[in-house]
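I opened my notebook to look up a few things in this model. Come along and check each entry against the picture.

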Amino acid sequence: MSRVPAATVSRLVTYFRILSDLEAQGVEKTSSDDLAVVAGVSAFQVRKDLAYFGRFGTRGTGYKVPTLLRRIRGILGLTRTWNVAIMGAGRLGQALADFPKFGEHGFVLKAGFDADPAKVGMRIGAAEVYGLDALAQKIQELEIDMAFLTVPTAAAQPAVDLLVEAGIRGILNFVPSVITVPAHVFVEPVDFLAGVKRLAFYIQKMSPEEGTP
Ligand code: NAD
């Protein structure tokens with residue numbers, strides 16, 4: 001498999017969601033044209049994205065929804081469970097832990113970690129909050145694969161260093177700052193404030209009276 005661009009991975013997640021909806025509606029067949037319309041890309045792009053992972057469907061007859069869904073689920077690594085920790089059991093960490101759809105697609109919250117001794121022993125979602133002194137042991141013991149980073153900005157890099165040292169390979173970073181990790185660790189940023197700024201740009205661009213530069 002040649003190197004898969006990050007944009008292709010993002011679109012695969014979109015195709016997966018569309019196919020899941022189609023399956024829930026009992027639709028059995030689809031095509032790159034149909035997927036392209038809902039995903040907002042070209043049919044060529046859909047075929048090119050899938051081609052990174054082999055051959056799919058038959059020319060002219062499209063794709064069987066359950067088959068394509070099963071294959072994309074496998075490509076995305078969603079056929080197994082993933083154990084998750086939340087680093088920083090504050091407002092955002094607690095809200096994420098309480099998100100009812102957390103457990104969908106096999107993501108299981110196993111632990112929270114927090115530097116504040118007052119939070120140790122508390123429960124977030126279905127998990128217990130541990131202190132940082134227990135982090136390395138708990139990550140091994142609970143076989144935690146990935147962490148959501150929800151600590152204050154100033155604590156982000158030291159918190160990441162601790163997680164990486166304990167063996168974490170993936171970090172969903174909610175902190176609006178750049179963090180440094182070794183090459184074997186993946187960071188996926190979720191930058192809420194950047195999204196708000198992009199929205200301001202687009203709304204301003206569509207309202208000339210607001211004054212574009
Ligand atoms: P918060 O202050 O409520 O929670 C942060 C938690 O991290 C606290 O419980 C604190 O004790 C803990 N902490 C501090 N240092 C730590 C360390 N070294 N290791 C482990 N835990 C540590 O903050 P919040 O509002 O939940 O925000 C957390 C992060 O998420 C911030 O970086 C913020 O910018 C970002 N964020 C927050 C929101 C939001 O709506 N609250 C939205 C988007 C992004």
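Before starting, I wrote down what a polar contact is: a pair of N or O atoms within 3.5 Å. I also noted that this is a predicted model.

Entry 1: I looked up R91 first, and found a polar backbone atom of R91 2.9 Å from an oxygen atom of the ligand. Next came K119, where an N or O atom in the side chain is 2.7 Å from a ligand oxygen. For G90, I read 3.5 Å between a polar backbone atom and an oxygen atom of the ligand. I then checked how covered the ligand is: alone it exposes 830 Å², and the protein buries 74% of that.

**Entry 2: the shell.** Which residues come nearest to the ligand? I listed R91, L92, D114, K119 and V151, out of the 20 residues around the ligand. Sorting the shell by type, I got twelve nonpolar, four polar and four charged residues.

**Entry 3: two helices.** I turned to helix 1, residues 6-24, and helix 3, residues 43-51. Their axes are 10 Å apart, and the packing angle is about 105°. Angles of 65 to 115 degrees count as roughly perpendicular, so I could call helix 1 and helix 3 roughly perpendicular to each other.

Which residues meet there? From helix 1 I noted T8, R11, L12 and Y15, and from helix 3 Q45, V46, D49 and L50. I sorted the residues of this contact too: four are nonpolar, two polar and two charged.

Notes: Residues are numbered from 1 along each chain as its sequence is written. This is a predicted model: local features need pLDDT of at least 70, side-chain atom pairs count only at pLDDT 80 or more; totals for chains, interfaces and linings use all residues. Side-chain values use heavy atoms; hydrogens and water are left out. Axes are lines fitted to C-alpha atoms, for helices over the stretch in contact, and angles run from 0 to 180 degrees between N-to-C directions. Helices (H or I, at least four residues) and strands (E, at least two) are DSSP runs, numbered from the N terminus. Angles under 35 degrees count as roughly parallel, over 145 as roughly antiparallel, 65 to 115 as roughly perpendicular and the rest as oblique. Contact means heavy atoms within 4.5 Å. Ala, Val, Leu, Ile, Met, Phe, Trp, Tyr, Cys and Pro count as nonpolar, Asp, Glu, Lys and Arg as charged, and the others, Gly among them, as polar. A residue is near a molecule or strand if one of its heavy atoms lies within 4 Å of it. A polar contact is a pair of N or O atoms within 3.5 Å; within protein, one must be able to donate a hydrogen and the other to accept it, and residues adjacent in sequence count only if both atoms are side-chain atoms. Accessible areas come from the Shrake-Rupley method with a 1.4 Å probe; for residues, only the protein chains shown count as cover.
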